[in-house]
Amino acid sequence: MLCLMQLKTDLYIDGKWVKGNGSVPVYDPSDGSVIAEIQTAGEKECDAAVEAAYRAFPEWAKTAPRYRAEILRKAFEIMVAEADFLAELVSKENGKVITDAKGEILYAAEFFRWFSEETVRVQGDFRKSPSGDKRILVTHQPIGVSLLITPWNFPAGMATRKIGPAIAAGCTVILKPAIETPLTAMAIIDILERAGVPKGVVNLVTPTPAGPMVSRMLHDARVMNLSFTGSTEVGRVLIKEAADRVIRCSMELGGNAPFVVLDDANIDEAVKGLMLAKMRNGGAACTAANRIYVHKKIAAEFTTKFAKAMSELKMAPGREAGAQLGASVSIKERDKIAQLVELSVKGGAKVETGGVMPEGPGAFYPPTVLTVDKSNEILKYEVFGPVAPIVTFETDDEAIALANDSDFGLISYVY
Ligand code: NAP
């Protein structure tokens, strides 16, 4: 059982849990109840986090790789030992089902283990110059203070995937988690503290709205690196912000994956594959199959079987026994999904299953299958939820052209 007393809800700056400039509630999206009030960060707190990370950097960068590796290893071990508690927390603030949440925690912990192993294997390069009279030596150095910004869909996995490599390399960090799911990030920082991370090396701030404070930190000469995972729209803004000081940035942005089923596919296997590719994490994954292209010859059978599998999923609060689809992270996100389905139906989509929001509390949207024309608007957007629009095609060339008809290029599936 999740013990609310265990939750950290403050900012973490310079090795201390501190109050900020106010507070905001964190909701359980499956019933709208408030789980906790977290502290928010203003200019003073964001500046203090930058200062703490900046001051801690020289010493941390000089530590022995083995020392950093052992802290990360310890953090991995604590995360695994506390996986049930953490999974409940993820499920509670994000809405996802407990099996997905547990899977995420173990996946997230692996980043700490992997980077604890990589810490002691940072490689370089040594060459002779083409003229033969010089030696060229390449060594990797920690870049400095890194600002890490994470989304709500994998609140644990995205945090450890960024913190792990940064502190392994000897960088210091400021984590800014999504405002809907800050508690998991706070729990991870707490684990790092218990694993022995020195003060100032990791810091956590939760400014809201995010834009002005992130911009302030990106324009601070002490911040050297930005790592962002989130929507393409926000990523585009941040690349521009990072360009002002020409700082290094890594971007993991949106996706709109095609899922192609050819005429000789094993239909049952393809349906099983699509259930995984579409419904992992309730459809809220950048890798989720979003545009389903099925050969005309098998489209009717495939659609019937897939719609049946979708309609049989149990939609329920994430921690309820047998739940297979939990709530979306918020009413706002749920409404975005509903609006895209509405847009699609207006454009001629036929609803094969789902499409009707349930009565009652919670940000639930049912598993929905649509059959649509290849020009339907829904295909242009990343639907971050349990909605699968199916389009038919007649030739392989047409399937390839349709699959590539997107600005996104993250992943694709073929059966
Ligand atoms: P989002 O709205 O872009 O938010 C992501 C993060 O950016 C949050 O921490 C958010 O803070 C912050 N943010 C929002 N506006 C900002 C601004 N103007 N300046 C600075 N920071 C800002 O994305 P999301 O809805 O949380 O996540 C879903 C998106 O993430 C999808 O597009 C998905 O495909 C993508 N994603 C990609 C990958 C990948 O590996 N490629 C993995 C996971 C998710 P607040 O929460 O405080 O607004």
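1. Basis. The model is predicted; local features need pLDDT of at least 70, side-chain atom pairs count only at pLDDT 80 or more, and totals for chains, interfaces and linings use all residues. Numbering starts from 1 along each chain as its sequence is written, and side-chain values use heavy atoms, with hydrogens and water left out.

2. Ligand shell. The ligand is surrounded by 29 residues, of which Thr150, Ile179, Ser231, Leu253 and Glu382 are the closest. By class, the shell holds 16 nonpolar, 8 polar and 5 charged residues. Here Ala, Val, Leu, Ile, Met, Phe, Trp, Tyr, Cys and Pro count as nonpolar, Asp, Glu, Lys and Arg as charged, and the others, Gly among them, as polar.

3. Elements around the ligand. At least two shell residues come from each of α5 (157-169), α7 (210-218), β10 (223-229) and α8 (232-244). The largest share, 3 residues, is that of α7. Helices (H or I, at least four residues) and strands (E, at least two) are DSSP runs, numbered from the N terminus.

4. For Thr150, a backbone N or O atom lies 2.8 Å from a ligand oxygen atom. For Trp152, a polar side-chain atom lies 3.0 Å from a ligand oxygen atom. For Gly230, the distance from a backbone N or O atom to a ligand oxygen atom is 3.4 Å. Taken alone, the ligand exposes 910 Å², and the protein buries 85% of that. These areas come from the Shrake-Rupley method with a 1.4 Å probe.

5. The largest pocket is where the ligand sits. A pocket is an open set of points on a 1 Å grid over the protein atoms alone, where a 1.4 Å probe fits, with protein on both sides within 12 Å along at least five of seven lines. A molecule sits in a pocket if more than half of its atoms lie within 2 Å of its grid points.

6. Backbone geometry. Most residues other than glycine have a negative phi, and most peptide bonds are trans. Thr208 and Pro209 are joined by a cis peptide bond, with omega about 0°; Pro209 is in the loop between β9 (202-204) and α7. Asp14, in the loop between β1 (11-13) and β2 (16-18), has a positive phi of about 55°. Asn281, in the loop between α9 (267-279) and β13 (289-295), has a phi near 60°. Asp14 counts as buried because its relative accessibility is 15%, and Asn281 is buried at 7%. Buried means under 20% relative accessible area, exposed over 50%, partly exposed in between (1.4 Å probe, protein chains only).

7. Other buried residues. Ile167 lies in helix α5 and counts as buried at 1% relative accessibility. Its C-alpha atom is 10.0 Å from that of Pro65, 102 residues away along the chain. Gly170, in the loop between α5 and β8 (172-176), is buried at 0%. The C-alpha atoms of Gly170 and Glu82, 88 residues apart along the chain, are separated by 26 Å. Ile247, in the loop between α8 and β11 (248-252), is buried at 10%.

Technical notes. A residue is near a molecule or strand if one of its heavy atoms lies within 4 Å of it. A polar contact is a pair of N or O atoms within 3.5 Å; within protein, one must be able to donate a hydrogen and the other to accept it, and residues adjacent in sequence count only if both atoms are side-chain atoms. On a 1 Å grid over the protein atoms alone, a cavity is a set of points where a 1.4 Å probe fits but cannot get out, and a pocket is an open set with protein on both sides within 12 Å along at least five of seven lines; lining residues have an atom within 4 Å of a point.
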